Amino acid sequence: MALIRTKQALVGVLGIGALALASCAVADDSEGETEENGAAQEETDGQDAPDGGSGDDDGADTSGDGADDGAEDAADDGAEEEPEEEPEEDQAADEHLDGELSGDRVDPDAFEVPLDEQSQAIGARAWQFETPSGRHTCSLGRSGQAATPAAVCYMSFDEDVQPEPDDQGRERHPSLLESDVGLYGYEGPVYPQFESSEVPTLNYGEVLEVEGLACTVGEDAITCIAGDNWMQVSRSGYEFSDDSEESDGEDTGAEDTGAEDDGADA
């Protein structure tokens, strides 16, 4: 009897131990599942991260779109605020106002006047050309090494625009320097010149450029520039950049075509 009870007690103890072991196993399984679920959750979170990054990118794109829209609005506002360009005032020869003359450059050597030994000794140089009509000639150069280069045109003006002589009775000619422009009186040619039969012709549209001076011939006028100064002359008048002295005639040659001769003022 006592042996039976001892066996029952032992079985009971074993049963309790097995139950405890089973409980521990269940607990271990639960913890394992929990850990596995946690790991799976972490993997899921890790997979969600790119989606979250994508979401951030979407947000960045949205902000970028907002920035682009703002930039476009600012550009539109700036475009709307820009004042309308006012038409430029008409100029007699606006192509020379930027300091350049358009046209084919000629070889200056073909227009340089041979100088005597005395002129060469002081550093003088001179160039001369005739217009295609044969009416006018212009000389460019300097009278000495330290002299200021100038362009002087000898014009066959119409009688109604012929300049009056200066105070000393000298005939005045349109003259251009870098520092000044206007009508100046001379007793004779400013520079040595070719013989009348040897003066080379500067054709229409060609440009002679020397010593910081440039001249070109158009059918309506001769245009010369030096620095910021310019002059435009023809048989029917003259105009200078400083507007201090203009011809008495209403036109400076742009309108008068001289049709009674060969159709050209220059």
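The torsion about the S-S bond of C138 and C153 is about 105°, so this disulfide, a term used here for a pair of cysteine sulfur atoms within 2.5 Å, is right-handed. C138 belongs to strand 3 (residues 137-142) and C153 to strand 4 (residues 150-154), so the bond ties together parts that are 15 residues apart in sequence. The two sulfur atoms are 2.1 Å apart. C138 is buried, with a relative accessible area of 0%, and C153 is likewise buried, with a relative accessible area of 0%; buried stands for under 20% relative accessible area, exposed for over 50%, and partly exposed for what lies in between, with a 1.4 Å probe and protein chains only.

The model is a predicted one, in which local features need pLDDT of at least 70 and side-chain atom pairs count only at pLDDT 80 or more, whereas totals for chains, interfaces and linings use all residues. Residues are numbered from 1 along each chain as its sequence is written, and side-chain values use heavy atoms, with hydrogens and water left out.

By the sulfur distance rule the count comes to 2 disulfides, and the other one joins C215 to C224, with sulfur atoms 2.0 Å apart. This link of C215 and C224 is also right-handed, with 115° about the S-S bond, and both of its cysteines are buried. When the bonded cysteines are counted along the chain, the disulfides follow the pattern 1-2, 3-4.

The chain as a whole contains 2 helices and 11 strands, where helices (H or I, at least four residues) and strands (E, at least two) are DSSP runs numbered from the N terminus. From the N terminus on, the elements run α-β-α-β-β-β-β-β-β-β-β-β-β. Of the 266 residues, 32% count as buried. The accessible surface comes to about 16500 Å², of which 45% belongs to carbon and sulfur atoms; such areas come from the Shrake-Rupley method with a 1.4 Å probe, and for residues only the protein chains shown count as cover. Among contacts (heavy atoms within 4.5 Å) between residues at least 6 apart in sequence, 53% join residues at least 24 apart.

On leaving strand 8, the chain passes through a hairpin of 4 residues to strand 9. Strand 9 (residues 222-226) pairs with strand 8 in the antiparallel sense over 4 bridges, and V217 stands opposite I222 in strand 9. Further along the sheet, strand 10 (residues 229-234) and strand 11 run antiparallel and are joined by 4 bridges, with S234 opposite G237 in strand 11.

In soluble globular proteins, nonpolar side chains tend to be buried together. A nonpolar core is taken as a set of buried Ala, Val, Leu, Ile, Met, Phe, Trp, Tyr and Cys residues joined through side-chain atoms within 4.5 Å, and the largest one here has 28 residues, those with the most contacts inside it being F129, L140, L208 and I222. A second, separate core of 9 residues includes V113, A124, L177 and Y191.

E100 is exposed, with a relative accessible area of 53%. Although E100 and C224 are 124 residues apart in sequence, their C-alpha atoms are 9.7 Å apart in space.

Key. Two strands pair if DSSP finds at least two bridges between them.
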